[in-house]
Each structure stands twice: as structure tokens, then as C-alpha cells.
Amino acid sequence: MKRFIAAAAVGAALIALSGCAGTGNDAGNGDSDGIIVGFSQVGAESGWRTANTIDIQSAFKDAGIELKFSDAQGKQENQIKAIRSYIQQGVDVIAFSPVVESGWDAVLQEAKDAGIPVVLTDRAVDSKDESLYESFLGSDFIVEGERAGDCVNTEFADADHVTIVELQGTTGAAPANDRAEGFRNKVTDPKFEIVASQTGDFTRAGGKQVMEAFLQSNPNIDLVYAHNDDMGLGAIEAIEAAGLVPGVDIKIVTVDAVKDGMTALAAGKINFIVECSPLLGKQLVEVATAVAAGEKVEKRILTDETTFTPEQAAEALPNRQY
């Protein structure tokens with residue numbers, strides 16, 4: 001039986017506008033209304049995140065809105081410090097992409113008490129008090145996981161048994177939680193057996209390291225489901241080092257559709273990618289401008305996304321923006 005890796009890189013991710021004094025970089029010279037937005041990014045753990053940062057910074061610069069930027073380096077405590085710093089500075093809007101889902105109520109309440117609206121981007125928080133933020137802009141990570149599961153059901157429609165390993169995103173992060181849930185919503189036939197699941201922290205190096213361990217402990221893997229392209233690309237390296245052919249001996253499905261992932265898909269090393277677009281900048285500018293003006297916005301704003309086969313990836317690559 002051919003083995004199949006589903007690397008669900010669904011990237012998604014939430015973008016956070018916040019920053020720390022002395023660590024932020026301004027983008028743009030400020031618009032005529034003097035709006036200042038603080039943005040706290042998760043980090044630079046993947047190609048998706050880098051594209052996301054560039055798009056956001058470019059969008060605010062083009063709009064002439066001052067953007068204060070901070071990199072949380074994957075640590076929640078850094079984001080909390082950034083948000084508190086921006087509260088002290090009195091920015092007009094705070095936006096951030098939460099490193100993890102839990103533990104935000106206290107600092108979000110501080111922003112609310114200060115009268116500063118908060119926008120979640122790419123990733124959600126699990127707060128029961130939705131008044132603590134104005135809007136959540138980003139992908140539906142559960143749907144992304146379901147799309148990956150649909151592909152796996154089709155690929156293995158005639159299989160009797162499928163051994164699955166899962167490369168998870170950062171523990172506690174919304175895309176990791178939701179992509180796992182969505183995948184399991186679809187892959188329900190008893191023939192599918194998830195024998196191992198471990199975080200690779202959304203990084204290529206993490207994906208490679210975990211995949212190497214998976215291959216040693218589970219020599220008969222049929223399917224690997226990874227939560228982003230970068231971990232899937234790391235898994236490819238491990239598979240090739242083991243003398244196997246990715247996309248043939250072991251098939252791969254990812255969720256993100258960044259250029260490196262799409263290139264591997266077009267080359268047949270990945271078999272299917274669920275898109276999670278990082279290009280949220282223009283939408284974020286619109287939302288931030290509206291909430292700064294006191295306007296009401298939709299509580300949940302989705303991004304438009306699709307899926308890709310190898311043939312579709314080859315066609316899309318020449319004009320791919322990220």
C-alpha cells in the first residue's frame with residue numbers, strides 16, 4: 001500500500017497588533033487622523049508567518065497608518081508585555097495573533113478598561129467574554145482540517161487499514177487544536193488508526209526531527225498528517241533520508257500553500273495542500289480603521305481560501321505572492 005503524509009499546514013494564524021517600547025518597528029508615517037496601531041506577531045517560525053508579517057506591514061505602510069510591530073518569538077509572556085506596553089502608550093488599536101488560545105482575559109480586560117479596541121488576527125482566544133475583543137479576522141482552522149480529512153478519505157477509499165502519524169502545531173495554539181479536530185471529524189472510519197501525534201512547533205526543523213522519530217518507531221506508516229507546510233517539508237527531508245520517496249512511498253498533504261510547499265506539491269513530493277492565506281493585511285487595515293473610528297464590525301471575518309492538487313499548484317506558482 002502506498003503511504004500517505006497529510007501535512008496539514010493550515011497556517012493560519014492570527015495576527016496580533018501590539019508592541020513593546022524599544023522593540024517595535026514603525027511602518028508608515030501616520031495618516032491624517034494620526035491613527036496608531038500596535039501589532040504583536042507570534043514570531044517567524046514558518047514561511048507562512050513571514051509572508052503574513054510582510055503583508056501586514058506593507059498594507060499599513062500603503063495606507064499611511066503608523067504600525068508599531070513586535071515579535072513575540074513564540075512566547076505568550078512577550079505578547080502580554082507588548083499589549084501592556086501599547087496600553088501605556090495609548091495606541092488607537094491593538095491587534096495580535098495569539099501564541100496560544102488560553103490566558104488572555106486579564107490583559108484584554110486591561111485594554112478594554114483603557115478604551116482600546118482589540119482585533120484578533122489569524123488565531124482565536126478561548127475567552128468566554130467576547131466583549132474583550134472587537135473582531136477575529138482569519139481562517140476557519142476546523143474547516144481546513146476537514147478538507148485535509150476529505151482528501152485522505154478519497155485517497156484511501158479502497159484501503160483496508162491506514163496507519164497515521166500526526167505532526168501537530170504548537171501545543172495549545174488555535175490552528176493546532178482546530179486542525180486536529182477538523183481532521184478527526186472526517187477521518188472516522190475504523191480503518192484509520194492514528195498511532196502517534198507530536199508537536200513540531202510549526203517549524204521545518206521540528207517536522208524533520210519528529211518525522212525521523214516516527215519512522216524509527218513506526219516503520220509501516222501509511223499517512224502523516226502535518227499541521228503546516230514547513231513541518232511537511234521537514235518530514236520530506238526525513239523520508240528521503242530514510243531511503244523512501246515522498247509523494248510515492250509516503251504521500252503528503254499540507255495546509256498553507258506557501259511557495260516552498262507549492263513547489264514541493266508541483267514536483268509530486270506533496271500530494272495535496274489546503275490553503276491558509278497569510279495575506280490579511282488589507283482586511284486588517286479596514287477593520288482597524290473602522291474600530292478606531294468607533295464603528296461596529298463583524299465579530300468573525302473569514303478569509304477566502306481553496307485547495308490545491310499538484311497540477312493546480314504548477315499552474316498557480318508563477319503568480320504566487322507568498
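Guide: Contact here means heavy atoms within 4.5 Å. This is a predicted model, in which local features need pLDDT of at least 70, side-chain atom pairs count only at pLDDT 80 or more, and totals for chains, interfaces and linings use all residues. Residues are numbered from 1 along each chain as its sequence is written, and side-chain values use heavy atoms, with hydrogens and water left out.

Visitor: Which residues does Leu167 touch, not counting residues up to four places away in sequence?
Guide: Close sequence neighbours are set aside, up to four places away. That leaves Gln198, Gly207, Val210, Met211, Phe214, Val224, Tyr225, Ala226, His227, Met231 and Ala235.

Visitor: How many residues has the largest nonpolar core?
Guide: A nonpolar core is a set of buried Ala, Val, Leu, Ile, Met, Phe, Trp, Tyr and Cys residues joined through side-chain atoms within 4.5 Å. Buried means under 20% relative accessible area, exposed over 50%, partly exposed in between (1.4 Å probe, protein chains only). Leu167, Met211, Phe214, Met262 and Ile270 have the most contacts inside the largest core. Its size is 30 residues.

Visitor: Which element gives the most to this core?
Guide: Helices (H or I, at least four residues) and strands (E, at least two) are DSSP runs, numbered from the N terminus. β9 (162-168), α6 (204-217), β11 (223-226), α7 (229-241), β12 (250-256) and α8 (259-266) each supply at least two residues of this core. With six residues, the top contributor is α7.

Visitor: How many residues are in the second, separate core?
Guide: Val152, Phe156, Phe183 and Val258 are included in it. This second core has 23 residues.

Visitor: How are α6 and α7 oriented to each other?
Guide: Axes are lines fitted to C-alpha atoms, for helices over the stretch in contact, and angles run from 0 to 180 degrees between N-to-C directions. The axes of α6 and α7 come within 7 Å and cross at roughly 45°. Angles under 35 degrees count as roughly parallel, over 145 as roughly antiparallel, 65 to 115 as roughly perpendicular and the rest as oblique. Therefore α6 is, relative to α7, oblique.

Visitor: Is the crossing of α7 and α8 left-handed or right-handed?
Guide: These two helices pack at an angle of about 50°, with their axes 9 Å apart. A crossing is left-handed if the near helix is turned anticlockwise from the far one by less than a right angle, and right-handed if clockwise. The crossing of α7 and α8 is left-handed.

Visitor: Which residues of α9 make the contact with α1?
Guide: The axes of α1 (residues 47-63) and α9 (residues 281-292) come within 8 Å and cross at roughly 50°. From α1 come Asp55, Ile56, Ala59, Phe60 and Ala63. From α9 come Gly281, Lys282, Leu284, Val285 and Ala288.

Visitor: What is the relative accessible area of Asp122?
Guide: Asp122 lies in strand β7 (residues 118-122). Asp122 has a positive phi of about 70° although it is not a glycine. This residue is buried, with a relative accessible area of 0%.

Visitor: Where is Phe202 found?
Guide: Phe202 also has a positive phi, near 65°, in a residue other than glycine. At 4% relative accessibility, Phe202 counts as buried. Its place is the loop between β10 (192-199) and α6.
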